[in-house]
Amino acid sequence: MMVLTVRKFTFFRIRHLLAMILSLAAVAAMSSGGGSSLNSSSPLDPFDSSTSWSLVEDPSNSSSEPVVRTLTPDFQPATTAVAIQEVNPWDIALCVTGTLISCENALVIAVLFYTPTLRAPMFILIGSLAVADLMAGLGLILNFVFTYLIDSSVEFVTLLSVGLLISAFSASVFNILAITVDRYLSLYNALTYHTERTVTFTYLMVLFIWVLCVTLGSLPALGWNCLRDESTCSILRPVTKINAVALAVTFLLVFATMMQLYLQICKIAFRHAQQIAVQHQFVGISTTKGVSTLSAILCAFGACWLPFAMYSIVANSSYPAIYTYATVLPATCCSVINPIIYAFRNPDIQKSLWMACCGCFPSNLSLRPRTSSDV
């Protein structure tokens, strides 16, 4: 009886050993034969630290026999491949443009802030334009940071970035329109302009512009976005197609208004030149220079923004991204040109800037008489 017991025990030990050998052979065959769940280039190593083993009960055994367990591997990779996002050269160009915009307009704001004599309505509008362009430049930089350094899949990050850009660039366009209106009024009501255009009225107009633009920028955060339905996206995610078309049409109306106002400014300037026969030569030269300046301003503004506005109307999110970049980049360059056209060309700002470079900010800078082409 004892001999039978020993033989039965030895039989089960041999059976257990054979089960383990067959299990290891099957796993090795899977690893070398290109199994679907394993990498064929890395055969199974039972002593590898990245492979853990667990005991699994053999279901073929009956309850009356000793329990037979086999070793099966639990594959847990020791390292995980980290996907590195490739940086788009267009995004680098936009970030560099945003940095240039920020530096230029920060200089304009500093000169206006530290020069108390530059508080006329025209300089308030120039300052508001500089603030808008500064925010646009910072928005481009933050958009690059959110895209490559922060998880851009978070809805809050996406909505914050696009809201800042819409508010800033909208404020830039509307401030340019306000400067154009100010130029027109300075010629149309030349005698009463300085009494009617008070600083308080200018501040109220600037406040209205910013409230309107912040409202436009907050629309995506208020639900007017395509995060839930990608098919309704425009060329700029998460702005919807309807929102993009509305903004583009608004820009076209602003551009048409500016063209009409500049045409009226030219007519008034030529009429003044004809009425002053004594100063015909001087006024003729000044008028010609003013008309050429206004034409250059209008052409630069249209060349920067018209391609993007027209493309926003006809395109959607299915169009290649390179077309979007090719139209967005010129539009952002308008904020690079604005400080040169509206600030650095102004003689009063030039004098303040030169004195600031010498290390002193003037407290009582004498301002020369201004004309419509100074702004």
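How many cavities of 30 Å³ or more does the structure hold? The structure holds three of them, where a cavity is a set of points on a 1 Å grid over the protein atoms alone at which a 1.4 Å probe fits but cannot get out. The model is a predicted one, in which local features need pLDDT of at least 70 and side-chain atom pairs count only at pLDDT 80 or more, while totals for chains, interfaces and linings use all residues. Residues are numbered from 1 along each chain as its sequence is written, and side-chain values use heavy atoms, with hydrogens and water left out.

The protein has 10 helices and two strands, which are DSSP runs numbered from the N terminus (helices H or I, at least four residues; strands E, at least two). Of the 375 residues in the protein, 39% are buried, that is, under 20% relative accessible area with a 1.4 Å probe and protein chains only.

The 20 residues of helix H6 (residues 199-218) should span 28 Å at 1.5 Å a residue, and this agrees with the 29 Å between its end C-alpha atoms; the expected span is 1.5 Å times one less than the number of residues. Thr202, Met205, Val206, Ile209, Trp210, Cys213 and Gly217 are the buried residues of H6. They cover an arc of only 135 degrees around the axis, so they lie on the same side of H6, the arc being that of the directions from the helix axis to the C-beta atoms. The face turned away from this buried side carries Thr200, Leu204, Leu207 and Phe208, which are exposed (over 50% relative accessible area).

The volumes below are the space filled by probe spheres set on the grid points, which are joined across faces, edges and corners. A pocket is an open set with protein on both sides within 12 Å along at least five of seven lines, and lining residues have an atom within 4 Å of a point.

| Space | Volume |
|---|---|
| Largest pocket | about 1300 Å³ |
| Largest cavity | about 40 Å³ |
| Second largest cavity | about 40 Å³ |

The largest pocket is lined by 47 residues, with Val162, Leu165, Ile235, Leu236 and Arg237 nearest its centre. Helix H4 gives the largest share of this lining, 10 residues.

In the largest cavity, H2, H3 and H9 each supply at least two lining residues, and the residues that line this cavity include Asn105, Asp133 and Tyr342. The second largest cavity has Ile176, Phe301 and Tyr342 among its lining residues, and H9 gives the most to that lining, with five residues.
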